[in-house]
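Hi everyone, thanks for making time for this. Let me put the structure up, and then I'll walk you through it.

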Amino acid sequence: MPQSSLNRDIFGTLANGEVVHAITLTNAAGMSVKIISYGASIQSVCVPDAHGTFADVTTGYASLEEYVAQPQYFGATVGRVANRIAGARFEIDGKVYSVPANDGAHSHHGGDVGFDKVNWTVTACDEEALSVTLSHVSPDGDQGYPCTLKVIATYQLHPDNALSVHYQAATDAPTCVNLSNHAYWHLGGEGASYDAMDHVLTIAAGQFLPVDATLIPTGERRSVAGTPFDFREPMPISTYVRSNADAQLTHGGGYDHNWIVGSEVAREPQLMAHLEDPVSGRTMTLLSNQPGLQFYSGNFFDGTTSGKAGKSYGIGDAIALEPQMFPDAPNQPSFASAVLRPGQMYSNMIVWRSSIRARLAISCATKAENS
């Protein structure tokens, strides 16, 4: 019977001389995951299809040089604040803070040098638990954010072919925190000859957040019923993604919206979504303790980026499902607060469970009735 293993290698060296480490976790079922310290990123996830053939189902680069030269958030930890902050500014306790405007007039995924572009420290490797812990200290004023923020990311590969990450953060003064993982998924394999738009998606949410033309939430909470945003029952992404069936789909050229899974951070991970590739038979179930799920349908891949298999990533070649607080939460009082204060511990627990043509025991439609 195959044995589980943990291997630590050098992925590359940055221009400043820092070594970027790669930790490969392999369970007894043969599933393997590679985590790199640059961006505390998921570099690869290899799982079997219905015929037992393994493939890497997440996008990424083969070399460190590509991660640095062409940043695309592939598998990265994004923060301090994932998603968008309107006007690149926010207020805490009456004081206004300005952060980099790297998405038009808005700030996106932490600014020009977010957590995806720093080399995290590998602080622990546990071969028995098949886990690796990475840490990063973001100093006061980093990208305009106040306070010193200490962040920990613990990845673990489980015997049942689930990969999890637990993000934790503590601060010495009030600040905003909204961490997430920005893995892109193509369950047929990141080098597959077909795109991910015929993947069948289910989202456990009865409402979503409409956005304006710059992809900032308007503040409205809209029912998904009777709209292209109703994924409570399994639906191919291709059904509406490039259609004009809803004005919301024109803002980002497809889906780039946040679904309301809960009202606040839960104590334990809850069902968020289920994804299935009808071609390979691979499936993935996503759980998290976060109230929001950002679904992005790969609208801006333009063929200029080539992945590990040598394929150029085009529009819709992979999708992102990012558990998080609601976008622009620091500027929207009706959203759950993204402010972290001294003595509090930020926590985002994410689980990706891989399987083969598994169906949910409880439908997302049933769960979403209470969303």
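**Around His 199**

Let's start with one side chain: that of His 199 reaches the backbone nitrogen of Leu 187 at 2.9 Å. That is a polar contact, meaning a pair of N or O atoms within 3.5 Å; within protein, one must be able to donate a hydrogen and the other to accept it, and residues adjacent in sequence count only if both atoms are side-chain atoms.

Before going on, please note that this is a predicted model, where local features need pLDDT of at least 70 and side-chain atom pairs count only at pLDDT 80 or more, while totals for chains, interfaces and linings use all residues. Residues are numbered from 1 along each chain as its sequence is written, and side-chain values use heavy atoms, with hydrogens and water left out.

Back to His 199, which sits in the loop between strand S17 (184-185) and strand S18 (200-203). Strands here are DSSP runs of E with at least two residues, helices are runs of H or I with at least four, and both are numbered from the N terminus. Is His 199 buried or exposed? It is buried, because its relative accessible area is 1%, and buried means under 20%, exposed over 50%, partly exposed in between, with a 1.4 Å probe and protein chains only. Leaving out residues up to four places away in sequence, His 199 touches His 186, Leu 187, Gly 188, Met 235, Pro 236, Ile 237, Leu 275, Glu 276, Asp 277 and Pro 278. Touching, or contact, means heavy atoms within 4.5 Å.

Next is Ser 297, in the loop between strand S25 (292-296) and strand S26 (319-324). Ser 297 counts as buried because its relative accessibility is 0%. Its side chain makes a polar contact with the side chain of Asn 299, at 2.5 Å. Ser 297 and Ala 196 are 101 residues apart in sequence, yet 8.6 Å apart in space, C-alpha to C-alpha. Beyond four places in sequence, the residues that Ser 297 touches include Met 197, Tyr 255 and Gly 316.

Gly 316 comes up again with Ile 36: these two are 280 residues apart in sequence and 25 Å apart in space, C-alpha to C-alpha. Ile 36 belongs to strand S3 (residues 32-36), and its 0% relative accessibility is why Ile 36 counts as buried.

**Backbone geometry**

Most residues other than glycine have a negative phi, and most peptide bonds are trans. Which peptide bond is cis, with omega near 10°? The one from Gly 79 to Arg 80, and Arg 80 is in the loop between strand S6 (77-78) and strand S7 (84-85). His 109 has a positive phi, near 50°, and is buried at 2% relative accessible area. Leu 130 has a positive phi of about 55° and is buried too, at 5%.

**The whole protein**

Zooming out, the protein has three helices and 28 strands. Of its 371 residues, 57% count as buried. The C-alpha trace spans about 60 × 55 × 40 Å along its principal axes. Among contacts between residues at least 6 apart in sequence, 66% join residues at least 24 apart.

That's the tour, and I'm happy to take questions.
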